[in-house]
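The entries follow the model below.

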Amino acid sequence: MAAVLPLLANAKTELGQGIVDIDIYTTREINIYKSWGDSKPEKVIRLVNNKDYISIAGTDYKHWLQPESIWLDYSSLLFRYTKIEGNWIEVIVHNETGEKRWIQKIPTLKILQWKDFLVTHTTGIEPHESVDIKTEASSTSATIRKYTKQDCFEAVEVKGDWIKIRTNRKLECNEHLQPIEAGWIRWRHNGQLVIVYYLTC
């Protein structure tokens, strides 16, 4: 059975430009550099594959590595990235503290802007709190109804700070009696993520 992983936005964490998705089955090492252009890494994340069970070598990483997602049992290792300069990517290595480091582009990672990641890589979307579901990507557009905890949405399209949603057809998670065929809510506000997104692995 597939696992559904909720990713909770941390209000302290810089939103960044999007997500770096690491293929943990084909990546052996991720060099972590303190500054752009450094010749030697400050730290190395070594991924160990033991009969398709992936783990990180050692335990010292636990105090400094808390990225967007680190669910290795479910093939998930994600970082928020804040900038790209040539072959270098600045990523947030600790979502609680906002600590940043640099990695280099390698063939086994994907770089996804938020607008692409939310539509193509998530299986569920929920706002942090009860919000008005709008007919258009505007706070002045008509309200369809309010979001409730019985709702479960999926992402259809991103336009600016708004995300087009509909009642989820991928997961059996909706309990609301009034499904939404098409509506808009904010996914970003004042530079912060204001939704919870779900990954199915």
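Is D151 buried or exposed? I read 1% relative accessibility for D151, so D151 counts as buried. My cut-offs: buried is under 20% relative accessible area, exposed is over 50%, and partly exposed is in between (1.4 Å probe, protein chains only).

Entry, ground rules. This is a predicted model, in which local features need pLDDT of at least 70, side-chain atom pairs count only at pLDDT 80 or more, and totals for chains, interfaces and linings use all residues. Residues are numbered from 1 along each chain as its sequence is written, and side-chain values use heavy atoms, with hydrogens and water left out.

Entry, salt bridges. I looked for a side-chain nitrogen of Lys or Arg within 4 Å of a carboxyl oxygen of Asp or Glu. That rule gives 12 salt bridges. I noted D151 with R145, whose closest N and O atoms are 2.8 Å apart. R145 is buried as well, at 11%.

I then turned to E154 and R166, which form a salt bridge at 3.4 Å, N to O. This pair links distant parts of the chain, with E154 in strand β14 and R166 in strand β15, 12 residues apart. Strands are DSSP runs of E, at least two residues; helices are runs of H or I, at least four; both are numbered from the N terminus. E154 is buried at 2%, while R166 is partly exposed at 24%.

E99 meets R101 with the closest N and O atoms 2.7 Å apart. I have E99 as partly exposed at 37% and R101 as buried at 12%.

Entry, disulfide. I searched the whole structure for cysteine sulfur atoms within 2.5 Å. One disulfide turned up. It joins C152 to C173, S to S 1.9 Å. The angle about the S-S bond is -75 degrees, and the link is left-handed. C152 sits in the loop between β13 (143-146) and β14 (153-159), and C173 in the loop between β15 (162-167) and β16 (183-186), 21 residues apart. C152 is buried at 4%; C173 is partly exposed at 26%.

Entry, T123. Where does T123 lie? I found T123 in the loop between α1 (114-120) and β11 (124-127). T123 is buried, at 14% relative accessible area. For contacts I took heavy atoms within 4.5 Å. Setting aside neighbours within four places in sequence, T123 touches F153, E154, N168, K170, L171, Y198, L199 and T200. E154 is also the salt-bridge partner of R166.
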